[in-house]
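Hi there,

Here is the structure I promised to pass on to you. Have a look at it first, and then read my notes below.

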Amino acid sequence: MIIKFGTGERGSFPILLLALVALPSVLVALPIAYALIRSFDAGFSGILAELLRPTSLELLINTLELAGAVTGLTLVMGVAAAWVTERCDLPYVAVWRVVASAPLAMPAFVASYAWASLGPSFQGMGGAIMVLALACMPLIYLPVAAALRGTDPAFEDVSRSLGHGPLKTFLRVVLPQIWPAMMGGALLVSSHMLAEFGALSFLRVQTFTTAIFQQYEMQFDNATAALFSLVLMGLSMPLALFEQNLRKGLRRARSGKGLARSPMIIILGGWRWPVLALFVAFAVLAIGVPFATLFYWLVTGTSAGMGLERLLPALLGSLSYSLSGGLLTTLLAIPLVLASLRLHGVLIDLADRLPYAIHGLPGLVIALALIFFSIR
């Protein structure tokens with residue numbers, strides 16, 4: 001069905017909506033322009049010398065290792081949890097759905113503080129991968145679970161009627177239908193790992209993001225920090241384009257009339273207790289340990305006895321920031337979504353992918369970009 005905007009011909013697009021698409025695109029382009037301008041201040045020889053330093057290579061390896069390991073681990077955990085909660089006879093499934101989504105309520109920064117306070121054993125790359133994978137798993141679980149609820153089990157029936165077993169049916173029928181949701185979640189996780197700072201500062205892992213903050217601490221508006229920002233964008237943009245190319249041609253639709261029936265529920269049998277044990281372990285590691293640790297420090301640490309008069313301003317500030325920021329982000333994103341669905345072309349695809357590029361940037365760089373252009 002073609003939906004016409006305005007009174008133009010088929011495929012027409014209103015000038016107003018094009019302007020609304022241009023607004024977030026320009027805002028997104030500002031940090032990119034800022035990083036380019038400040039990086040070129042160092043000169044070609046300075047850029048080359050900085051990129052070829054052994055420290056820069058170590059930062060690149062750490063950044064790629066963290067992003068790759070966390071993304072891969074969250075994909076495995078998120079897809080498995082979504083499959084079990086949506087397609088299996090798991091007892092108390094409503095509870096486990098909440099458990100699988102609960103880490104979103106605790107920022108990775110806070111969870112990392114809780115784990116790091118337990119001792120140096122949980123610090124370093126291994127601890128960072130574990131803590132961040134637990135914190136980011138819902139970013140895979142939620143879209144994949146929604147995709148599984150929307151799939152048509154008739155395709156699976158056809159596969160089984162052709163003699164394919166459960167594993168082959170999943171790989172050849174179910175996986176292509178949930179693939180866009182998986183890749184969209186993986187893109188969010190990987191770009192989030194590129195920009196992560198707070199958790200890594202507690203867990204003592206050096207990446208490009210932590211190096212950017214250190215450079216700005218030494219010299220405000222540092223050219224080296226801007227160069228590292230360009231490297232992060234160089235890592236983010238290919239991920240966004242790769243995810244977009246993987247989604248092409250993967251749509252599935254029913255050809256018959258009527259509504260799709262409910263999918264067949266798989267009986268876990270003897271696997272029920274191991275699966276329940278894994279969910280309990282996830283709940284303990286992702287929610288129980290951080291909350292217990294925070295409660296301990298709340299009672300025995302410097303926060304003990306802190307009154308409401310000190311907590312209330314922070315609470316009000318967080319709510320006002322998050323609500324207004326969420327509303328503004330939604331208003332800016334809606335035109336981009338409409339444009340990506342309505343129009344096709346290089347510029348529209350670029351506008352659709354640009355937000356993912358700066359999603360891999362620390363907020364500090366984006367703030368400095370706005371300051372840089374505002375004062376000029």
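The largest cavity is lined by Pro103, Met106, Ala111, Trp115, Val131, Leu134, Ala135, Leu285, Ala286 and Pro290. A cavity here is a set of points, on a 1 Å grid over the protein atoms alone, where a 1.4 Å probe fits but cannot get out, and lining residues have an atom within 4 Å of a point. H5, helix H6 (125–150) and helix H12 (272–300) each give two or more residues to that lining; helices are DSSP runs (H or I) of at least four residues, numbered from the N terminus. The cavity holds about 70 Å³ of space.

Before you go on, please note that this is a predicted model: local features need pLDDT of at least 70, side-chain atom pairs count only at pLDDT 80 or more, and totals for chains, interfaces and linings use all residues. Residues are numbered from 1 along each chain as its sequence is written, and side-chain values use heavy atoms, with hydrogens and water left out.

Now to the aromatic rings. Rings of Phe, Tyr and Trp (its six-membered ring) pair if their centres lie within 6.5 Å; planes under 30 degrees apart are stacked, over 60 edge-to-face and the rest tilted. By this rule there are nine aromatic pairs. In one of them, the ring centres of phenylalanine 109 and phenylalanine 202 are 5.0 Å apart and the planes are at 55 degrees, so the pair is tilted. Phenylalanine 109 lies in helix H5 (residues 108–116) and phenylalanine 202 in helix H9 (residues 198–203), so this pair ties together parts that are 93 residues apart in sequence.

Enjoy exploring!

Methods:
1 Å grid on protein atoms, 1.4 Å probe; cavity = no way out; pocket = protein on both sides within 12 Å on 5 of 7 lines; lining within 4 Å. Points joined across faces, edges and corners; volume = space filled by probe spheres on them.
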